Amino acid sequence: MGEESLPSTEREHDSTGERIVRWMDAWLGHRRLTRSARRLVFPDHWSFMLGEIALYSFVVLLITGVFLSFFFHPSSDLLVYQGSYAPLRGRLVSQAFDSTLHISFDVRGGLLVRQAHHWAALILVASIFVHMMRVFFTGAFRKPRELNWVFGFLLLVIAMFGGLTGYDLPDDLLSGTGLQVVNGTILSIPLVGTYLSFFLFGGEFPGDDLIAGFNTIHILIIPGLMVALIVLHLVLAVRHRHTQYPRPGRTNTNLVGMPLRVYAVKAGAYFFLVCGVIFLIAGLAQINPVWAYGPFRPDQVSADSQPDWYMGVADGFLRVMPGWEIDFWGHTLALDNFLPLLVGVLLFLAIGAYPFLEAWVTDDDDDQHLLDRPRNRPVRTAVGVAWLSVYLVALIGAANDLIATHLHVSVNAVTWTVRIALFAVPVLAFVVAKRCALGLQRRDRDKVLHGRETGVVKRQGHGEYVEVHEPLSQARLYALTAHKQYRPLEAVPAREGESATRESLRRLRNRLSRAFYGPNTQIPKPTEDEYRQIAESGS
């Protein structure tokens, strides 16, 4: 009921606070927003918690980062270390390295907070990555959520760069070694590599402005971008509502979940659980002991140097790449650095652009709010598994020296094994994943038609032994048959006046459509007639 319909006597007795609230509601509509928020429902499946882990890890990063910024000095200026760590006293170190040791040994709780900050960064990237894989394999990126997938993809990339810039701030020997690799990769970029290197490092590597510049990027630019992307991500998630797994009563036109008050209690408890786990790991597992590495010196490289796991892919490509170079017009193109960079960029762009490729291939313009079971999209599942296999093989390649020394094998043998595996394993993973998905689809079809195996063996009148099958419940039947099966696009003859480019794209689209949904790519769902005939026959 609006204010204009209230009796005058009632309006006269309203308190000042109530009148202010009504005035604000007239201008801002906050009560309507509050009522809308109360009507929201939230997913209750455990897999949606992966995104919450990423959000809560980011909150821990912000809180611990603010604490560390009070004590960290982002400067490359040199001084003689006179702190609490005796083995380094009298050594010439940068102010950044000196302040890192001060945080670790002299600030109360400093080492715990510093390690929690580092572990939270690792967990943040891991949770975003796993969350994206959940979205990918269940098809939650489909219309209208393509833009949200792009935001999540950008969050992953920016989080990786945030970890890289923070990893390099202490100015220790390990981070300096990683920066030398980064600098070599940047220099290999044709035409602009040298300019990018001089701009990033403030001159010839290592330069004088590196730590100050990286600190600005790490504490201002990257957190700001991530906050903006998270807000946009959440706004779109509320706008498009969450996806849901197929169950009875769940369709593309309704929404089933827990109310806000229940979700708020669970989310609050889960936040403190994630924080507790991060600080527990930080208190028990040492990470990045910069005092053991010592200060950075350009003429030294630390043995067994390994980057954080999310940058291990790029390091793996670099380690297994042959030392190829091309000389032309008096310039050298370092393919041994440029090609790994190019392959890594293409690897991530492929997964980022996949939703648009699938939408183009299916030609499906309908909104999709029901999730797929990975087995019901065999080709998509196989593509995702093949992509992950490249990622894992590259990670193994990043540890070729450690594998060689710990297993007492030749490092060349490990390198060649990884080189071959980068081409062979994705193909094998694609085939195996696709066959497994098709096998699971076939099993689901048999369950729908013949029921569940009970383990009870019955002897029939003519002496044959058969296993008794129990019909599935309606809820289970719905879950196994609710998915939509696409058909490949029909071939359209060339139109008069059609350009060669458009014709090539049309043919490519048809080929991809047949590859995704053509023969041997999915098992047909049981029809109602098939189910009725078998049910009537009693088999």
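Reader: What covers the buried residues of helix 5?

Author: This is a predicted model. In it, the cover over the buried residues of helix 5 includes helix 4, strand 3 (92-94), helix 6, helix 10 and helix 12 (290-293).

Reader: Which residues of helix 5 are the buried ones?

Author: Helix 5 runs over residues 95-105. Its buried residues are Ala96, Phe97, Ser99, Thr100, Leu101, Ile103 and Ser104.

Reader: Zoom out for a second. How many helices and strands in the chain?

Author: The chain has 20 helices and 8 strands. Its C-alpha trace spans about 90 × 85 × 65 Å along the principal axes.

Reader: What percentage of the residues count as buried?

Author: 42% of the 539 residues in the chain.

Reader: And what share of the contacts comes from residues 24 or more positions apart?

Author: They account for 73% of the contacts in the chain with a separation of 6 or more.

Reader: Back to helix 6. At what angle do helix 6 and helix 15 pack?

Author: At about 155 degrees. Helix 6 covers residues 110-138, helix 15 covers 378-397, and their axes are 9 Å apart.

Reader: Roughly parallel or roughly antiparallel?

Author: Helix 6 is roughly antiparallel to helix 15, because of that angle. The cut-off for that label is an angle over 145 degrees.

Reader: Which residues meet there?

Author: Helix 6 brings Phe129, Met133, Phe136, Phe137 and Thr138. On the helix 15 side they meet Arg380, Thr381, Gly384, Val385, Trp387, Leu388 and Tyr391.

Reader: How does that contact split by class?

Author: The contact of helix 6 with helix 15 has 8 nonpolar, 3 polar and 1 charged residues.

Reader: Pockets now. How much space lies in the second largest pocket?

Author: About 1,100 Å³.

Reader: Which residues lie nearest its centre?

Author: Phe48, His131, His233, Leu234 and Ala237. They belong to a lining of 41 residues around the second largest pocket.

Reader: Which elements supply at least two residues of that lining?

Author: For the second largest pocket, these are strand 1 (41-42), helix 4 (49-69), helix 6, helix 7 (146-168), helix 10 (210-240) and helix 11 (260-284).

Reader: And by class, what does the lining of the second largest pocket have?

Author: It has 29 nonpolar, 7 polar and 5 charged residues.

Reader: Switching to cavities. How many of 30 Å³ or more?

Author: A search of the whole structure gives 4.

Reader: What lines the largest cavity?

Author: The lining is Asn376, Gln441, Asp444, Arg445, Val448, Leu480, Thr481, His483, Ile523, Pro524, Lys525 and Pro526. By class, the lining of the largest cavity holds 5 nonpolar, 4 polar and 3 charged residues.

Reader: Which helix gives the most to the lining of the largest cavity?

Author: Helix 17, with 4 residues. Helix 17 (411-450) and helix 18 (474-481) each supply at least two.

Reader: And which residues line the second largest cavity?

Author: Glu358, Asn376, Arg377, Pro378, Val379, Arg380, Phe516, Tyr517, Thr521 and Gln522. Helix 15 and helix 19 (500-517) are the elements that give two or more residues to this lining. Helix 15 gives the most, with 3 residues.

Reader: What is the phi of Leu191?

Author: About 70 degrees, positive although Leu191 is not a glycine. Leu191 is in the loop between helix 8 (173-187) and helix 9 (193-201).

Reader: Is Leu191 buried or exposed?

Author: Leu191 counts as exposed, because its relative accessibility is 80%.

Reader: What about phi of His408?

Author: Phi of His408 is near 55 degrees, again a positive value in a residue other than glycine. His408 lies in the loop between helix 16 (400-407) and helix 17. With a relative accessible area of 73%, His408 is exposed.

Methods
Residues are numbered from 1 along each chain as its sequence is written. This is a predicted model: local features need pLDDT of at least 70, side-chain atom pairs count only at pLDDT 80 or more; totals for chains, interfaces and linings use all residues. Side-chain values use heavy atoms; hydrogens and water are left out. Axes are lines fitted to C-alpha atoms, for helices over the stretch in contact, and angles run from 0 to 180 degrees between N-to-C directions. Angles under 35 degrees count as roughly parallel, over 145 as roughly antiparallel, 65 to 115 as roughly perpendicular and the rest as oblique. Contact means heavy atoms within 4.5 Å. Ala, Val, Leu, Ile, Met, Phe, Trp, Tyr, Cys and Pro count as nonpolar, Asp, Glu, Lys and Arg as charged, and the others, Gly among them, as polar. On a 1 Å grid over the protein atoms alone, a cavity is a set of points where a 1.4 Å probe fits but cannot get out, and a pocket is an open set with protein on both sides within 12 Å along at least five of seven lines; lining residues have an atom within 4 Å of a point. Grid points are joined across faces, edges and corners, and a volume is the space filled by probe spheres set on the points. Buried means under 20% relative accessible area, exposed over 50%, partly exposed in between (1.4 Å probe, protein chains only).
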